[in-house]
Amino acid sequence: MSDSGLIRFAGDVSIENVSVVTSKGMIQNVTNQTLAIDIYEDLFSPFMTGTITVKDSLDFVNLFPFVGEEYLNLKVYTPSFEEKNYISQQFYIFKVSDRIVLGDRTVVYNLHFISKEAIADVNKSVSKGYKGLISDIAKQIITDKEYGLESPKTVNAEVTANTTRFVSNFWSPIKNLNFITENAVSPSGAANYLFFENRSGFNFVSMDSLYAQDPYVEFVYDNYSRDIQADGRSIFNLNEDYKRITELNVPVVQDYMERIRTGSYASKIISYDTLTKKYYSKNYDMIADFSNNKHLNVNATTTKTGIRNPNALVINYPKYNNVFNDYGDVSNVKTLQKRISQLNQADTTKIEVTVLGRTDYTVGLKVYVKLNKVEPIEKEAVDSDITDKILSGYYIISAINHHINRDKHECTMELIKDSFMMNLDEAK
């Protein structure tokens, strides 16, 4: 752990503050008692969570006491990084677990924490009408003190092309946000909006906007150790060290049956309008629509001749026309198939990597991953010959676990992508 403000090695970290604020307002610094910190972010989860492992010889459990009404002030960062890249905020401690007695005067236990907005969410059942631009409604729910999450954090709400109108039927703020997320459409026609929290704040954005980012960093899985100088001496290269994947796991490369069942490739929707007595049916085909959408890589994850039938997933879904006077249909019938397909495409290929940690890594970032083929390599082979064109490519960080202890910082990430570098129709 660095205290000098200068980075010493890849994975270096500074734990500046870990303190508990009791329900009575007493602040107790527990930085020296902290053995490990785990901070979790997930692209498909509304809040940041985590655990802190504490070695305690002062009996904090009875001193405070811990009753589930405490706050945690946390500030950790990679030395030499700008403050905007720190992990620094106040969380809510909601559970104490795994208490182990090591001796007469020492115990170890875990403190579980979550974003403060989660407490506002579980304490509210909202009965209220909303109308207007969906992105404006999202910002309102996130910040509103009476009916929302009461958040002072930065809100990144990508402007939507559509409006909606609905009544929250004693839903929580998060249920309201999930509802409008399912209905949101971008100006370019993307129906893949997500709501999540990361280190930067709350985000209401489309997957298309995540795909359009510049890649933040490159990760490589190879046998690199250190740079060697002309005189034979080895030196540290921080940039190269940070690129290296130390552990790699590939839980899903491709699951064709799952993609068919979930409507990734094709689907049929059958809808009816009880007011006008009109029947609506539409088939959706991913390949036909592929070029109309943004993607991480160039090529689809299936061939043009791959077997796909709209009847593999038939969706029965009602329209809600004129539920509100002169407002028209407030359902997402026209975009539901596209949303299902786009979100399933995003999860087509999933890999898990462990890299040396930095506090600027967060979910939603676009990264490039380079993996080599697992085969004998000839001496004259060029880089493009040995690159795994199925698993290599651009990915989105969909989940991340920052594991920080007294010695170093590691990040275990789940990376997902919706497309391949390789053109399957031209593959040998």
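Good morning. I shall begin with an open sheet of 3 strands, arranged in the order β9-β12-β11, in which the pairing is mixed. Please keep in mind throughout that we are looking at a predicted model.

Which strands stand at the edges of this sheet? They are β9, residues 155-157, and β11, residues 193-198; each has a single partner strand, so one side of each is left without a neighbour in the sheet. From one strand to the next, the twist averages 15°. Let me turn to one pair within this sheet. Strand β12, covering residues 201-206, pairs with β11 in the antiparallel sense, and the pairing extends over 6 bridges. To locate this pairing in the structure, you may look for E197, which stands opposite F202 in β12.

A helix accompanies this sheet. Helix α4, residues 173-183, packs on the sheet and touches β11 and β12. The direction of α4 makes about 140° with that of β11.

Helix α4 leads us to a helix pair. The crossing in which α3 passes α4 is left-handed.

Which residues make this contact? On the side of α3 they are I134, I137, A138, I141 and I142, while α4 contributes P173, N176, L177, I180 and N183.

I now move to another sheet. This open sheet also has 3 strands, in the order β18-β17-β19, with mixed pairing. Its edge strands are β18, residues 278-285, and β19, residues 314-318, each of which pairs on one side only. On average, neighbouring strands of this sheet are turned by 20° against each other, direction ignored.

How many bridges join β17 to β18? There are 8, and the two strands, of which β17 spans residues 266-273, run antiparallel. Within this part of the sheet, K268 stands opposite N283 in β18. A helix packs on this sheet as well: α9, residues 333-346, touches β17, β18 and β19. Its direction makes about 25° with that of β18.

Two residues deserve a brief remark on backbone geometry. S80 has a phi near 80°, a positive value in a residue other than glycine. This residue is placed in the loop between β5, residues 70-77, and β6, residues 87-101. The second residue is D98, likewise not a glycine, with a positive phi near 55°. D98, however, lies in strand β6.

Finally, let us consider the chain as a whole. The protein chain contains 10 helices and 23 strands. Its radius of gyration is 25 Å, close to the 22 Å that the globule rule gives for 428 residues, so the chain is as compact as a globular protein of that length. The C-alpha trace spans about 75 × 70 × 35 Å along its principal axes.

Thank you for your attention.

Key:
Residues are numbered from 1 along each chain as its sequence is written. This is a predicted model: local features need pLDDT of at least 70, side-chain atom pairs count only at pLDDT 80 or more; totals for chains, interfaces and linings use all residues. Side-chain values use heavy atoms; hydrogens and water are left out. Two strands pair if DSSP finds at least two bridges between them. Helices (H or I, at least four residues) and strands (E, at least two) are DSSP runs, numbered from the N terminus. Axes are lines fitted to C-alpha atoms, for helices over the stretch in contact, and angles run from 0 to 180 degrees between N-to-C directions. Contact means heavy atoms within 4.5 Å. A crossing is left-handed if the near helix is turned anticlockwise from the far one by less than a right angle, and right-handed if clockwise. The radius of gyration is taken over C-alpha atoms; the globule rule is 2.2 Å times the number of residues to the power 0.38.
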